[in-house]
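Q: Could we go through this structure together, one piece at a time? I would like to see how the side chains meet.

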Amino acid sequence: MEGIIAIWQRDLLKFFRDKARLFGSFTMPILFLLIFGGGMSGSMETMMAGSMPKGAEGFNYVEFVFPGIVAMTLLMTSIFSAMSVIEDKDFGYMKEIMVSPISRVSIAIGKMLGSATVATIQGVMLFLLIPLLGLSYDVMALIQVIPFMFLLGCALSSLGLLFASLINSTQGFQLTVQILVMPMIFLSGALFPISNMPAWMDFIVKINPVTYGVDVMKKVMVDIENLSAPVLDAMGLNISLFGRQITIFEEVLFIGIFTTILVLLSTVSFKRANA
């Protein structure tokens with residue numbers, strides 16, 4: 001446990017000491033909010049109004065996209081934080097950890113928790129923009145969504161760790177992750193509804209952990225009980241699998257299983273890379 005805490009603490013200190021990284025990672029989601037939430041909200045609502053059934057006039061694109069932007073922040077921060085593993089390899093720090101009594105599982109969990117904590121902090125910082133966007137969320141709902149944000153951060157950081165353990169250069173890691181990140185964002189319902197997609201694309205949506213993270217966050221943050229069925233469909237909040245609507249518990253369970261599997265794979269990869 002001490003090894004996990006030490007690795008977790010080191011990653012947190014590195015993040016807060018790197019002012020450029022702190023500024024850059026917080027600026028990107030703000031730009032997305034300004035572009036999609038502010039500049040394109042009217043166009044998106046007008047474009048989507050033609051395909052919405054009667055009764056979906058209450059669709060608010062800014063309300064739809066804000067949880068998605070938060071999830072996108074978690075995704076990018078969690079995965080790219082794993083690049084520190086490659087940097088630690090280059091500077092010899094990872095080799096020192098590997099020869100220490102700390103188990104490989106503890107190393108993977110410590111790195112995962114560090115990345116997830118940093119991502120969650122950045123996601124929570126975006127809550128400060130809620131009044132500026134003209135949105136109104138219940139304070140308790142914002143508090144309740146934080147554990148889900150952390151769980152999603154763990155899942156995504158474990159994915160980043162797996163790639164970082166397999167790739168030996170920061171350039172290769174950035175290129176590979178960029179190819180992975182963009183489809184995960186656009187096929188998650190974060191920025192656009194994920195209804196009426198082709199079968200092959202719908203399959204990618206259903207195996208994408210960000211899809212379930214975004215869906216849980218929207219269901220917790222948005223007062224869905226007061227929304228009509230057409231609006232729920234328009235916002236993509238009726239995700240179904242094999243003809244049955246998926247519950248929040250099942251979505252959380254999927255993310256938890258996904259995280260566990262990838263942490264184990266990362267552990268095996270660390271062992272092989274340093275055998």
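Predicted model: local features only at pLDDT ≥ 70, side-chain atom pairs only at ≥ 80, totals over all residues.

Q: Which residue forms a stacked aromatic pair with Phe254?
A: Phe254 forms a stacked pair with Phe258, with 6.4 Å from centre to centre and 25° between the planes. Both residues lie in helix H13, where they are 4 residues apart, or about one turn of the helix.

Q: Why does a spacing like that matter in a helix?
A: An α-helix has 3.6 residues a turn, so residues three or four places apart point the same way.

Q: And is Phe258 buried or exposed?
A: Phe258 is buried, because its relative accessible area is 19% and the cut-off for buried is under 20%.

Q: How many aromatic pairs does the structure hold?
A: There are 4 aromatic pairs in the structure. One of them joins Tyr212 and Phe254, whose ring centres are 4.7 Å apart and whose planes are at 55°, so this pair is tilted. Tyr212 lies in helix H11 while Phe254 lies in helix H13, so the pair ties together parts that are 42 residues apart in sequence. Tyr212 is buried, with a relative accessible area of 3%.

Q: Which residues do ring pairs link into a cluster?
A: The cluster linked by ring pairs is made of Phe66, Phe127 and Tyr137.

Q: Are Lys219 and Asp215 buried or exposed?
A: Lys219 is buried, with a relative accessible area of 13%, and Asp215 is buried too, with a relative accessible area of 2%.

Q: What about the salt bridge of Asp202, which residue is its partner?
A: The partner of Asp202 is Lys206, and their side chains meet at 3.2 Å from N to O. Both lie in helix H10 (residues 199–207), 4 residues apart, which is about one turn of the helix. Asp202 is partly exposed at 25% relative accessible area, whereas Lys206 counts as buried at 15%.

Q: Where is Ser195?
A: Ser195 has its place in the loop between H9 and H10, and this residue is partly exposed, with a relative accessible area of 39%. Ser195 and Asn238 are 43 residues apart in sequence, and in space they are 9.0 Å apart from C-alpha to C-alpha.

Q: Last one: does the span of H9 agree or disagree with what 17 residues should give?
A: The span agrees, because at 1.5 Å a residue the 17 residues of helix H9 (residues 170–186) should span 24 Å, and its end C-alpha atoms are 24 Å apart. The buried residues of H9 are Thr170, Phe173, Val177, Val181, Met184 and Ile185.

Notes: Residues numbered from 1 in each chain as written. Heavy atoms only, no water. Helix = DSSP H or I, 4+ residues; strand = E, 2+ residues; numbered from the N terminus. Expected span 1.5 Å × (residues − 1). Buried < 20%, exposed > 50% of the residue type's maximum accessible area, 1.4 Å probe, protein only. Salt bridge = Lys/Arg side-chain N within 4 Å of Asp/Glu carboxyl O. Phe/Tyr/Trp six-rings, centres within 6.5 Å; stacked < 30°, edge-to-face > 60°.
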